[in-house]
Amino acid sequence: MNRKPLAWLCALALAAPSTALFASENADEAEQLRQHIEQMQRQLLEMQERLDDLQAERDEERMARERVEARVEQVAETADQAAAEDEEGINVGGAVRFQYVFEDYNDTNKENNGTLELDTVRLNFDGTVGDVILSAEYRFYQYMNVIHHAWAGYDFSDTLQGQVGIHQVPFGVTPYNSHSFFFSSNYYLGLEDDYDFGVKLIHDDGPLNLQGAFYWNDELGGADGYYGFDGGDFPNNLNDRYSYDIVGVRAPGEGTFALPNEGAFDASIFNLRGAYTLGYGTDFTTELGASVQFGDVVDNAGNSNGSQSAYALHLNGNYGPWNLMLQATEYEYDMDNGSGRMAVGAYDFFDTIPAEATTYTANLAYSLPVNWGPISNLQFYNNYSLITDKSAGLEDTWMNVTGVSVTSGGLFTYIDLITAENQPFIGGSMDSPTDGGTNTRFNINFGYYF
């Protein structure tokens with residue numbers, strides 16, 4: 001700090017009284033005044049020194065604070081960088097699932113009081129590398145090993161994402177048109193939780209969700225794939241797949257579960273799905289949507305032997321703890337040979353579906369948070385499916401699933417009572433020309449997810 005102003009002040013203070021001193025006849029008073037002034041000077045100098053010391057302390061405190069702030073900022077930047085590095089990369093997860101089954105239509109099962117069996121072991125790979133999003137899942141069953149999905153994606157903006165690979169077909173209520181382990185009857189037609197190979201764009205902007213996709217073929221490569229036809233013969237693993245796809249045309253008199261003689265595969269499929277959510281951002285929302293699917297069907301040589309189309313209207317409402325799903329769907333495989341029956345494959349199993357039908361689904365669920373030891377949530381549900389107006393004079397299919405799902409940490413359990421008629425995996429087939437009767441299955445599927 002500059003001391004010159006204080007020095008000048010002291011000098012002036014001395015000068016004025018000195019003049020008076022010379023003019024004064026009282027020398028003692030002048031001497032006392034001089035001493036007083038000198039004392040004031042010393043006090044001023046001492047005050048100046050203290051001010052200088054205080055200023056130095058403040059400067060040191062300021063520098064220390066700046067050093068601390070710089071260190072804090074450095075630590076924060078390091079933490080952000082570490083978090084970003086942690087976020088990038090592939091995370092490995094999966095599940096191991098078991099199930100108990102009791103079937104009233106299976107005498108062996110009833111005699112043994114049901115069956116406890118391994119259901120699925122699966123591995124999931126999800127994450128990012130650079131700006132590329134990656135996701136894949138592989139599943140191991142007792143009777144087959146299959147790819148569930150495998151795709152790479154990129155966020156073009158906050159609202160637009162692209163995906164290429166094997167990913168979920170955008171159709172109807174997504175990701176699932178059901179609450180139970182058994183999905184709806186649409187799943188067994190290839191119209192729920194279906195996965196094929198192609199490209200997809202997703203525009204998700206608040207209440208508006210638009211999706212468009214193009215699929216070259218099914219997840220196994222269709223007619224040209226490694227798992228497709230080989231010299232006109234079906235390989236054993238043509239039906240080793242997670243989601244249902246057509247694999248052939250049923251000739252008159254051909255068995256429901258037989259290998260089809262004529263191949264039929266998805267090819268050049270276009271999907272468009274649009275949905276708008278009323279009440280977006282609240283606890284009471286209603287999603288209204290429409291979906292369309294159309295494309296080609298090819299034989300084992302890759303030549304067109306038909307076309308396909310499907311349309312759906314859906315509602316997915318969340319009203320506090322309640323969830324309501326409604327969907328109406330029409331689909332058709334218009335085959336050149338006029339066949340009214342199509343062969344499908346999944347789960348190492350061939351089955352038959354009508355080439356044309358109308359389906360309805362209605363699902364209601366109630367979610368109840370609880371605090372029962374490890375159990376944190378119960379979801380009670382009833383799911384109903386109806387497939388009617390089938391081609392080839394086939395009888396209607398219906399399925400009703402009443403159940404509850406239990407969340408307890410990493411353990412997730414479905415407890416389902418299924419009653420159905422002409423429903424795959426419930427003692428029947430959609431290919432029945434007669435009333436197949438009502439069958440019942442009690443199923444508990446529980447798995448640990450990691």
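In this predicted model, an open sheet is built from 4 strands in the order S9-S8-S14-S15, and their pairing is antiparallel. The edges of this sheet are strand S9 (262-263) and strand S15 (349-354), each of which pairs on one side only. Strand S14, which covers residues 341-346, is joined to S15 by 6 bridges, and these two strands run antiparallel. Within that pairing, Ala343 has Thr352 of S15 as its bridge partner.

**Strands S17, S18 and S19**

Another set of pairings involves strand S18 (residues 397-408), a strand that is mostly covered, since 9 of its 12 residues are buried. S18 pairs with strand S17 (residues 375-388) in the antiparallel sense over 11 bridges, and 11 bridges also join S18 to strand S19 (residues 411-421), again with an antiparallel run. S18 and S19 form a hairpin with 2 residues between them, and in the turn Gly409 has a positive phi of about 60°.

Is Asn177 buried or exposed? Asn177 counts as buried because its relative accessibility is 1%, and the cut-off for being buried is under 20%. Its side chain makes a polar contact with the side chain of Gln327 at 3.5 Å, and a further polar contact with the side chain of Thr361 at 3.0 Å. When its neighbours within four places in sequence are left aside, the residues in contact with Asn177 are Ser184, Asn186, Glu192, Met325, Gln327, Thr361 and Asn363.

Rolling a probe the size of a water molecule over the atoms shows where empty space is left.

| Pocket | Space | Residues of the lining by class |
|---|---|---|
| Largest pocket | About 1,000 Å³ | 23 nonpolar, 15 polar, 10 charged |
| Second largest pocket | About 200 Å³ | 4 nonpolar, 5 polar, 3 charged |

The largest pocket is lined by 48 residues, of which Arg97, Phe181, Phe182, Phe183 and Tyr347 are the closest to its centre. Several strands each supply at least two residues of this lining, among them strand S1 (89-103), strand S12 (304-319), strand S13 (322-335) and strand S20 (439-449). Which strand gives the most to the lining of the largest pocket? That strand is S2, with 5 residues.

The second largest pocket has Thr174, Ile202, Asp204, Gly206, Pro207, Leu208, Asn209, Gln211, Arg273, Thr277, Tyr280 and Glu287 as its lining. S6, strand S7 (208-218) and strand S10 (265-278) each supply at least two residues of the lining of the second largest pocket, and S7 gives the most, with 3 residues.

Methods
Residues are numbered from 1 along each chain as its sequence is written. This is a predicted model: local features need pLDDT of at least 70, side-chain atom pairs count only at pLDDT 80 or more; totals for chains, interfaces and linings use all residues. Side-chain values use heavy atoms; hydrogens and water are left out. Buried means under 20% relative accessible area, exposed over 50%, partly exposed in between (1.4 Å probe, protein chains only). A polar contact is a pair of N or O atoms within 3.5 Å; within protein, one must be able to donate a hydrogen and the other to accept it, and residues adjacent in sequence count only if both atoms are side-chain atoms. Contact means heavy atoms within 4.5 Å. Two strands pair if DSSP finds at least two bridges between them. On a 1 Å grid over the protein atoms alone, a cavity is a set of points where a 1.4 Å probe fits but cannot get out, and a pocket is an open set with protein on both sides within 12 Å along at least five of seven lines; lining residues have an atom within 4 Å of a point. Grid points are joined across faces, edges and corners, and a volume is the space filled by probe spheres set on the points. Ala, Val, Leu, Ile, Met, Phe, Trp, Tyr, Cys and Pro count as nonpolar, Asp, Glu, Lys and Arg as charged, and the others, Gly among them, as polar.
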